[in-house]
Amino acid sequence: METTETIKIQYTAKDFKSDQYVRWCPGCGDFAVLSSLQKVMADLGIAPHKTAVISGIGCSSRLPYYTSSYGFHTIHGRGAAIATGVKVANPELTVWQITGDGDCLAIGGNHFIHSVRRNMDINVLLFNNQIYGLTKGQYSPTTKKGFVTKSSPFGTVERPFRPAELTMGARGTFFGRLLDVDLKTAQMTIMAGAKHNGTSVIECLVNCVIFNDGAHGWLAERENRADRTIVLEHGKKMIFGKDGNKGLVLKGLNLKVVTIGENGVTENDILVHDATCEDTTLHLKLALMEGPEMPIAMGVIRDVVEESYDAAVEAQIAEVQAKSKIKTFDELIDSLEQWEM
Amino acid sequence: MDKVTKTELDNVVVRFSGDSGDGMQLTGTLFSNLSAILGNEISTFPDFPSEIRAPQGTLGGVSGFQVHLGSSKVYTPGDDPDVLVVMNPAALKVNAKFIKKGGVIIFDADTFDKSGFEKAGFKTENPFEELNISDTIQLIPAPLSTLTQASLDGMGFDNKTVLRSKNMFALGLICWLFNRPIDQAIHFLTNKFGKKPTILHANIKVLTDGFNFGNNLHLTVSTYFVERSHETPKGKYTSISGNKATAWGLIAASQKAGLQLFLGSYPITPATDIMHELTARKDMGVKVVQAEDEIAGITSAIGASFAGSLAATNTSGPGLALKSEAIGLAVMAELPLVVIDVMRGGPSTGLPTKTEQTDLLQALYGRNGESPAVVMAAGTPDDCFHYAFMASKIALEHMTPVILLTDAFIGNGTSLWKLPTLAELPEIKPNYVKPDMTDYKVTSRDEKTNVRYWSVPGVEGFAHRNGGLEKDYYTGAISTDPENHQKMVDTREAKINYISNVIPELKIEGDSSADLLVIGWGGTQGHLMSAVSSLNKKGNKVALANFNYINPLPKNTVELIQQYKKVVVCELNSGQFATFLRSKVPAVEFLQYNKVQGQPFTATELEEHFVTLLK
């Protein structure tokens with residue numbers, strides 16, 4: 001069909017799939033994130049060739065091979081720094097960084113906190129399975145204390161990182177969380193991250209069927225998931241539960257679960273989620289909720305507007321160039337103190 | 001007024017020395033620039049301690065700046081000074097052993113008191129006798145502090161500001177000693193302090209008073225006159241440091257290639273000035289990321305290269321060690337990248353402000369796997385422009401990381417630089433994919449040169465996945481096939497070796513029948529040239545081969561070296577280039593001359609050693 005009008009191309013997830021065979025273990029949680037990402041890429045309407053997917057090393061870091069966009073599978077831990085270079089060099093590209101709990105928070109911890117601090121406009125999918133999969137089962141910086149792995153036969157003695165805390169400690173402007181078995185929330189959260197201007201950190205809770213099966217099993221159970229998680233949406237009441245009658249309120253400085261209709265609690269008492277609030281206090285409280293007393297927060301927990309590093313770089317260059325008399329290399333040379341010999 | 005004699009010299013070496021806060025670098029720079037404007041060849045070298053401000057008047061805080069002026073080509077900042085300006089007894093003590101016989105010492109008599117002697121560790125109150133130099137030198141005592149105070153009396157400055165101007169008094173005095181009109185110095189000061197009129201006025205006043213003080217000195221001291229150079233090709237010149245020249249070479253290359261320039265960098269002595277120069281050049285659209293560490297410096301540059309920029313990172317030895325893995329990624333991903341290593345004394349933190357050539361083998365071999373990269377070295381400060389340009393050109397045209405070695409000596413030192421125009425520089429044509437290319441793979445390459453075609457994100461039809469895993473030669477997909485790996489290793493090696501076809505052949509200074517071939521590489525070029533040309537003037541037959549391209553070596557290397565009976569490799573390390581050459585030219589016996597003291601060679605020590613080899 002021929003048309004003279006410029007129309008926005010409608011992509012489908014298929015347009016973002018490469019011809020490569022996906023080499024993750026059957027049942028791996030990474031598949032769900034990959035397909036959610038490809039769906040979001042299609043819905044965003046940004047062409048594959050305007051998209052760059054950058055990763056480090058680890059199971060999840062194989063992801064760039066499975067998308068049809070430009071991709072770069074780099075070295076362990078350096079994805080954030082490489083993505084920084086890509087985005088600063090060409091801010092018109094949509095840049096995704098694919099990383100895991102080892103890649104991002106152990107060997108790449110320094111690059112991670114600094115890209116978050118700078119607010120690089122990149123979308124970070126942090127696959128958190130709480131284990132090293134590719135090296136066959138050592139504990140990672142997010143493994144729960146006491147957990148037995150190949151490198152901790154008597155249980156780890158280390159305290160784990162909590163990615164949300166690290167992100168907000170590094171002054172992150174976006175933090176979201178998704179669970180591999182909840183595609184709807186996954187797509188919604190990834191889409192919100194893509195639209196955020198600045199570093200979007202999305203913690204993807206994924207299951208490693210081989211080395212850490214069921215790490216997120218408590219919340220993943222289909223029949224109990226509604227009671228054990230809460231999907232946060234900006235501007236909406238913090239209500240969750242199978243019957244939609246549980247909610248969060250503040251008691252003193254802490255969050256508390258209440259049941260609407262019990263002890264005089266009405267829907268009006270329930271907190272409304274404000275993801276755009278600059279202050280991190282409540283966002284942290286929400287992000288750090290743990291079971292079984294509290295539900296685990298999913299969706300967009302924090303989404304704050306601030307200038308991105310790459311935009312600031314462009315703006316500064318434009319400002320200097322507008323004022324400068326030097327436009328060419330020869331003019332630059334002429335500006336030097338010089339003499340005839 | 002006494003009759004002052006005037007000695008004409010072919011070249012002269014002046015060293016300014018004082019506390020790191022005494023402004024010796026500025027004084028030296030102004031003096032060398034105004035000498036250049038008057039037609040002299042110049043070469044300078046600053047020598048500063050790693051302490052920013054060591055205790056005043058102590059040996060640890062002595063900072064120096066040496067200038068070599070010539071009426072013909074000068075190759076180095078000179079060995080021992082003819083004239084030494086010392087601002088305190090500590091500076092005298094540190095430098096006394098270097099002063100030439102019959103040389104002149106100008107000293108700040110105000111600081112030559114009991115407390116000054118104590119701080120410098122003198123036991124008596126006559127330091128010149130104590131150092132055993134009182135009979136062989138001429139002394140010009142000048143109470144610089146008192147005279148500067150008198151000069152600025154009543155102008156409303158506090159004492160600290162007044163004393164900070166005493167370097168200008170010394171400059172005025174030196175201008176007198178060298179028969180230099182001070183107009184040009186005033187012009188420089190006006191450029192520097194134009195926005196601070198009172199400071200400018202004070203500096204000019206002190207400078208003028210310093211000059212007049214010399215003029216009215218009733219001393220029988222010989223003043224110097226260095227005739228203008230007639231060997232220097234005609235043209236417009238400036239004085240430039242190696243680090244600045246390196247930065248500008250990158251800018252020129254980016255402009256020539258029509259690409260944005262990106263630098264990923266982490267501060268490290270003595271390489272940081274390259275970042276300072278580039279981050280100031282937003283007018284040229286240069287993007288600089290001051291990264292969180294050395295690794296992010298290079299990996300952000302690799303990201304920028306992937307995204308289509310001319311990308312560079314700069315560092316020194318310890319930083320190069322941290323960047324090793326990432327250089328391997330650039331080798332594997334076959335992306336253009338310029339890595340500049342301004343070498344300093346090592347290992348570990350070593351001697352951060354001192355010069356050495358000890359990173360050569362690290363640059364050549366310091367990576368896992370078979371990981372060939374181009375290695376080059378610049379020879380002089382102004383050379384850094386050319387080799388930074390050529391490093392960029394080779395990186396872009398051959399899709400490879402290029403390691404450019406400079407060092408603290410040429411990075412911080414300055415020399416005359418003939419100003420280039422963009423038009424006269426060679427073309428740079430990156431090996432881009434051709435728009436009509438079908439079935440592009442990340443490994444698609446030119447069959448003759450083995451250079452991979454570069455497709456830059458944003459272009460439709462050429463999306464691909466690159467990475468650090470081995471790729472299939474034909475499909476670009478990841479592969480662990482044994483024969484494919486061998487083929488890829490061979491291809492990457494062949495790609496680098498092919499570059500010997502595009503770099504200039506090795507040129508030998510001196511005739512092919514010389515009794516001795518002196519070999520050097522990089523920043524020792526000036527000292528080797530000085531020593532060899534001096535020996536040749538005295539009738540000895542010595543030839544010099546100075547290498548700027550190390551991997552690959554120039555095509556004619558083996559053939560040329562084999563012509564000589566005696567070959568000596570001189571380097572500021574324990575024999576790294578000699579080791580490399582032995583692997584490439586096994587038939588030749590390479591003698592070595594090495595020095596690892598954090599200091600450049602002196603032309604004198606080289607000459608003396610070559611004489612023993614000629615016997």
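This is a predicted model: local features need pLDDT of at least 70, side-chain atom pairs count only at pLDDT 80 or more; totals for chains, interfaces and linings use all residues.
1. Two strands count as paired if DSSP finds at least two bridges between them.

2. Chain A gives 48 residues to the contact and chain B gives 57. On the side of chain A that touches chain B, several elements supply at least two residues each, including strand E2 (70-73), helix H4 (109-118), helix H10 (309-323) and strand E12 (339-340) of chain A. The largest share comes from H2(A), with eight residues. Sorted by class, this side of chain A has 25 nonpolar, 17 polar and six charged residues.

3. Chain B is divided by the domain assignment into domain 1 (6-226), domain 2 (238-424) and domain 3 (508-614). For domain 1 and domain 3 of chain B, the C-alpha centres are 36 Å apart. Their contact is made by four residues of domain 1 of chain B and seven residues of domain 3 of chain B. The domain 1 side of this contact in chain B consists of one nonpolar, two polar and one charged residues.

4. How far should the 16 residues of helix H10 (residues 242-257) of chain B span at 1.5 Å a residue? The end C-alpha atoms of H10(B) are 22 Å apart, which agrees. H10(B) is mostly covered, with 16 of its 16 residues buried. Just after H10(B) comes Gly258(B), with a positive phi of about 70°.

5. Chain B also contains an open sheet of seven strands, in the order E11-E10-E12-E13-E15-E14-E21, with mixed pairing. At its edges are strand E11 (287-290) and strand E21 (549-551) of chain B, each of which pairs on one side only. On average, neighbouring strands of this sheet are turned by 20° against each other, direction ignored. In general, strands of a sheet pair through backbone hydrogen bonds, in either a parallel or an antiparallel sense. Strands E12 (residues 310-315) and E13 (residues 337-343) of chain B pair in the parallel sense, over four bridges. Asn314(B) stands opposite Ile340(B) of E13(B).

6. Helix H15 (residues 383-398) of chain B lies across E12, E13, strand E14 (374-377) and E15 of chain B, and runs at about 170° to E15(B).

7. Is Ile496(B) buried or exposed? This residue is in helix H17 (residues 482-498) of chain B. Ile496(B) counts as buried because it has 20 C-beta neighbours inside 10 Å, and the cut-off for a buried residue is 20 or more. Leaving out residues up to four places away in sequence, Ile496(B) touches Pro372(B), Val374(B), Thr400(B), Asn551(B) and Pro552(B). Tyr473(B) is 23 residues from Ile496(B) along the chain, and their C-alpha atoms are separated by 17 Å.

Definitions and conventions:
Residues are numbered from 1 along each chain as its sequence is written. Chains are lettered from A and ligands numbered from 1 in the order in which they are written. The expected span of a helix is 1.5 Å times one less than its number of residues. A residue is buried if 20 or more other C-beta atoms lie within 10 Å of its own, exposed if 12 or fewer, and partly exposed in between; C-beta atoms are placed from the backbone. Domain bounds come from an automatic or database domain assignment. Two residues are in contact if their C-beta atoms, placed from the backbone, lie within 7 Å. Ala, Val, Leu, Ile, Met, Phe, Trp, Tyr, Cys and Pro count as nonpolar, Asp, Glu, Lys and Arg as charged, and the others, Gly among them, as polar. Axes are lines fitted to C-alpha atoms, for helices over the stretch in contact, and angles run from 0 to 180 degrees between N-to-C directions.
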